[in-house]
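Here is a short report for a first look. Keep the sequence and the model side by side as you read.

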Amino acid sequence: MYINCHSYYSLRYGTYSIELLVEEAKKRNINSLALTDINNSSGMIDFVRNCKEKNISPIGGMEFRDGDELLFTAITRNNEGFRELNEYMSAINMKERTHSAWAPQFNNSYVIYPLSKISGRKLKDNEFIGVKPSQVHKLISFSGKQLNKMVIRQPVTFSNEETWYLHKNLRAIDHNILLSHLKNNMYAQKDEVFISPDSIINLFDQYPQIIENTNNIINDCSIDFDFNSSKNKKTFTGSLYDDKMLLEKLAYDGLKYRYGNNKNAMRRVRSELNIIDKSGFSSYYLIAWDIIRFSLSRGYYHVGRGSGANSVVAYCLKITDVDPIELNLYFERFINHRRTSPPDFDIDYSWKDREEVQDYIFKRYGKEHTAFLGTSVTFKGKSIYRELGKVHGLPKSEIDALTENPSVETGKSQLTRHIHQIATMMINFPNQRSIHAGGIIISEKPISYYTALDLPPKGFPTTQWDMYVAEDIGFEKLDILSQRGIGHIKDAAELILENHGVDIDIHQVEMFKNNARVKAQLKRAETNGCFYIESPATRGLLKKLKCDNYLTLVAASSIIRPGVAKSGMMREYIYRFHNPDKFEYIHPVMKEQLEETYGVMVYQEDVLKVCHHFAGLDLVDADILRRAMSGKYRSRKEFQRIVDKFFSNCKERGYPDDITKEVWRQVESFAGYSFSKAHSASYAVESFQSLYLKAHYPLEFQVAVINNFGGFYHSWVYFNEAKRQGGIIHLPCVNNSDIKTNISGKNIYVGFTHIARLESKLSKAIINEREQNGEFTSLENFIHRITPGIEQLLILVRINAFRFTGKPKSQLLWEAHLLQKNNKATNKQNKLFESSSKKFTLPELTYNKLEDAYDEIELLGFPVTTTNFNLLKTGFRGEILACDMDNSVGRKVRMVGLLVTIKYVKTVKKELMHFGTFLDVKGEFFDTTHFPDSLVNYPFRGHGVYLILGRVVSEFGYASIEVEKLAKLPLQPDPRES
């Protein structure tokens, strides 16, 4: 009877969570329940698990709709039936077929059409007409033959009138219309609620055949999943034995490459291979190796991260460049006899290369067996109020106010209170399906056994459930991610080869770690552009730690994480680093387990060690605790069980409550944000690659950073750094610039892509024409060959892209108008003799260099031919510069700085304070602190150059300014405006 139930995975339609739907059925002593969400199977695996826990027989299914029109509902006899429904829906999502009013031939599913669709068409054996209890009165007009093909269909969408109203709000949001404009066919009727089984039977007591049909179908239908076994591809070669032998050969070959004849490494590899084989993870390693093999064959750089980097075998297979023996990483913490899933591999590629790697994976392992992981974007926060505000007809200004500050606005009127009431009911409802950042699963069986597939804009099949469901059912994802740090490393190496003829092997990490110039640069925190270590906070941390080596950088990569700093443990770590004999360990276990990190939890492994050795949790429970705090484990019940166990174990061990609470506070602050040591080490390796390139080839490195449009800062900061390192920055030029910024020797030409409002098709046309027919000889020659529109032409003139002509911009602007007016869009083929246009004599035009600066700021975002400081009305450049701060500690000084970035934070009193970063007139960074009292009276006023009054302070050798007063300095006006 309950063969047509909806959960909130029927997006913007259903109102039940899976848990509440099953719980409601249990309360009503319902023994069988079918989940038939609209056009998706997102909730099915959770549904089956919840039903099994409540001793309810789950039935799989799906409701197929074309817009608002209900076409049919299908319920599955078994898992094969679930597969065929998923395949049908997937084909629609993949645009391989369209919705049809009639179901295809399903061999393991029943099809139920709404009563409204009864017709002269003969129904197949597995097809029936569904009759709602509210439609019983209509049955009197049907023949016995028709009644024999009917079943009871009691849809369930909401629980009461209140949630029916919520349902109507969701439907209005879905249609993007006012609630009052909803039509009857757009939403469900009030009767789609649980009705007691006895009541339904009584309503149909005159139609025993319909009751019998319904019971026969329910008794013939079931669905189940094995939640205990891995669903990943079981073999790489087709044979478990062959997988074992291949992995051994690759590992021992890699052992020679990485370690030579190191006996300790040999023992470690042998031990790991044994565990990997017994755990059944050989194929997982080989698939990761296969992906790396492909990408290396294409010359793509990668960084292998994740807990898998604890593995020496992974290091030997070049999946990662982190040496676990050097870092004393213990493989058994991540693969042990109680772990059923393999360690995770996160593999980062350049943003330009990742899609080709992903394409290889799908083609290599087949689209039937390979999919991206999906994710659910939920209704939450301010977005709910914006959606509901539109539905209830609020004016835009009131919607903006409500969205900006719901807690204040919701009490201002009856309508806003009403909206707030609905909003609280919608929180965390799925709103739309999306795609995981990079998670891919490779399944032994076709993925359609577990889910229907979507086809997001990326063009790869994507599961309709998320990583948590994947883990529940036994999938372990591979994360194929992108980051621009790898892109700039690769591009820098290519530029160095082109500009210097030096071919750098970027994998010589050991050499980079020990390079004197690199170490000196790291100690000075000269890290602008270097992956993960260029932010103001990280630069400050590096200076405080006097960091000049790999192991310190590994630690810094983890303790810079937000929770660590907020808890106060980052400062404590720095203090203990500088004063190893001036602190006490909170407990002997902390000394025993964390002496390497001065008793402070720095890595996720430290959380495991403390939970295991201090609180007596076994490693599996400790790992669940860590993952739950990191947002990678969703069972709140299981999480709370382990938290309770943590405290009860500590009590049994006789620890004082204050010590237990303090250790737990530290666990909480670290577990949510800290990296595994292997993960931190992976980042540190990439940082050293960047550092080496920056130390030895700074100009090529900065150009590569600029061209990858990544990094912590805006592009102008990297142009400033290139100039500071001796580069000669040139404005865009039609004869020398490319789409991206290029470099030849020390000459750096800004790329066309940086010019605001310049169309990309014009940039491409300029480069294509130049490559085919040579440089442009004049403005007229350019117009004749390119035929640009006047607006685009004037942008190029204003940015001085025709300065090779030797004519001032003011004259070129006149000529552009005159020549463009006379130019006919004729055939662009080069003539043997190109005739010249009539020459015009122009009056002498006034010109001020300030005009160039303002054009550059408007079109590039920063001046190139001068500096922001030279635009100031004042000639004052500060009493001290950044390089003088270490020798000025305690002094109150005035400094002048160009604002680079602001970090917004709140104090414990919820007051706003800022950390600022500036450049002085020499292009050197300095940092400022703006406490609430100062900030209220002297706020930032946008990008520009500021006069700063404050005291120079130093913490662990890192100098900054505590600001008392701040004022944005006025600029000389644009002479054209005056």
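## The model

This is a predicted model, in which local features need pLDDT of at least 70, side-chain atom pairs count only at pLDDT 80 or more, and totals for chains, interfaces and linings use all residues. Residues are numbered from 1 along each chain as its sequence is written, and side-chain values use heavy atoms, with hydrogens and water left out.

## Helices α8 and α10

Two packed helices are described by the angle between their axes and the distance between the axes. Helix α8 spans residues 240-259, and helix α10 spans residues 282-297. Their axes come within 9 Å and cross at roughly 50°. Helices here are DSSP runs (H or I, at least four residues), and strands are too (E, at least two), numbered from the N terminus. Axes are lines fitted to C-alpha atoms, for helices over the stretch in contact, and angles run from 0 to 180 degrees between N-to-C directions.

The two helices, α8 and α10, are therefore oblique to each other. Angles under 35 degrees count as roughly parallel, over 145 as roughly antiparallel, 65 to 115 as roughly perpendicular and the rest as oblique. On the α8 side, Asp243, Lys244, Leu246, Leu247 and Leu250 meet Ser282, Ser283, Tyr285, Leu286 and Trp289 of α10. Contact means heavy atoms within 4.5 Å.

## Helices α20 and α30

Helix α20 (residues 516-523) packs with α30 at an angle of about 100°, their axes 9 Å apart. That makes α20 roughly perpendicular to α30. From α20, Arg517, Val518, Gln521 and Leu522 take part. They meet Phe688, Leu691, Tyr692, Lys694, Ala695 and His696 in α30.

## Nonpolar cores

The largest nonpolar core has 106 residues. Such a core is a set of buried Ala, Val, Leu, Ile, Met, Phe, Trp, Tyr and Cys residues joined through side-chain atoms within 4.5 Å. Tyr550, Ile755, Phe782, Leu796 and Phe802 touch the most other members. Helix α30 (residues 677-696) supplies the largest share of this core, nine residues.

Leaving aside neighbours within four places in sequence, Ile755 is in contact with Pro732, Ile795, Leu796, Ile799, Leu859 and Leu860. A second, separate core holds 93 residues, including Ile18, Phe106, Val111 and Ile129.

## A loop residue

Is Ser350 buried or exposed? Ser350 is buried, with a relative accessible area of 0%. Buried means under 20% relative accessible area, exposed over 50%, and partly exposed in between (1.4 Å probe, protein chains only). Ser350 sits in the loop between β11 (346-349) and α12 (354-365). Beyond neighbours within four places in sequence, Ser350 is in contact with Tyr301, Ser482, Gln483, Ile486 and Gly487.
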